[in-house]
Amino acid sequence: PGRSDLLKQRAAAYELSGQLELAREDADALVKAYPNDASALNQACWLRAKLGRDLETARAECSLAVQLSGGDWRYVNSRGLVGLQQHRF
């Protein structure tokens, strides 16, 4: 597997083990290396939303992921979690 796959898998493993900050760091590294990868953007968005931090950045990441993917429902779902965290109903 390539570097992006390994970082995605490690971020997912960190998330499952409750190490959200480490997961976010890997997701941020992915977005930096692959700024137009909808999956990486979504992962970073989701983790920021779960952490409840940097929510405007999270919204922008999710919105770009939705745009790049042609409206993938998973990315719309992540953006919804950001909105919930922002109390934007």
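How do helix 2 and helix 3 run relative to each other, roughly parallel or roughly antiparallel? I'll get to that in a moment.

First, the ground rules. This is a predicted model, where local features need pLDDT of at least 70, side-chain atom pairs count only at pLDDT 80 or more, and totals for chains, interfaces and linings use all residues. Residues are numbered from 1 along each chain as its sequence is written, and side-chain values use heavy atoms, with hydrogens and water left out.

Now helix 2 and helix 3. Helices here are DSSP runs of H or I, at least four residues, numbered from the N terminus. The two pack at an angle of about 150°, axes 8 Å apart. Axes are lines fitted to C-alpha atoms over the stretch in contact, and angles run from 0 to 180 degrees between N-to-C directions. Helix 2 and helix 3 are therefore roughly antiparallel; that term covers angles over 145 degrees, while roughly parallel means under 35. The crossing is left-handed: the near helix is turned anticlockwise from the far one by less than a right angle. Contact means heavy atoms within 4.5 Å. On helix 2, the contact residues include L20, R24 and V31; on helix 3, they include A40, L47 and L51. By class, this contact has ten nonpolar, one polar and five charged residues. Nonpolar is Ala, Val, Leu, Ile, Met, Phe, Trp, Tyr, Cys and Pro; charged is Asp, Glu, Lys and Arg; the others, Gly among them, are polar.

Stay with helix 3. How covered is it? Mostly: ten of its 14 residues are buried, meaning under 20% relative accessible area with a 1.4 Å probe, protein chains only. Among them are L41, C45 and R48. The buried residues pack against helix 1, helix 2, helix 4 and helix 5.

Next, helix 4, residues 55-69. Helix 3 meets helix 4 at about 150°, again with axes 8 Å apart. That pair is therefore roughly antiparallel too. Helix 3 passes helix 4 in a left-handed crossing. Contact residues include A38, L41 and C45 of helix 3, with A58, E61 and C62 of helix 4. The classes are eleven nonpolar, three polar and two charged residues.

Last, helix 5. Its axis and that of helix 3 come within 9 Å and cross at roughly 25°. That makes helix 3 roughly parallel to helix 5. The crossing is left-handed. W46 of helix 3 and Y75 of helix 5 are among the contact residues. Seven are nonpolar, five polar and two charged.

Methods:
Parallel < 35°, antiparallel > 145°, perpendicular 65-115°, else oblique. Buried < 20%, exposed > 50% of the residue type's maximum accessible area, 1.4 Å probe, protein only.
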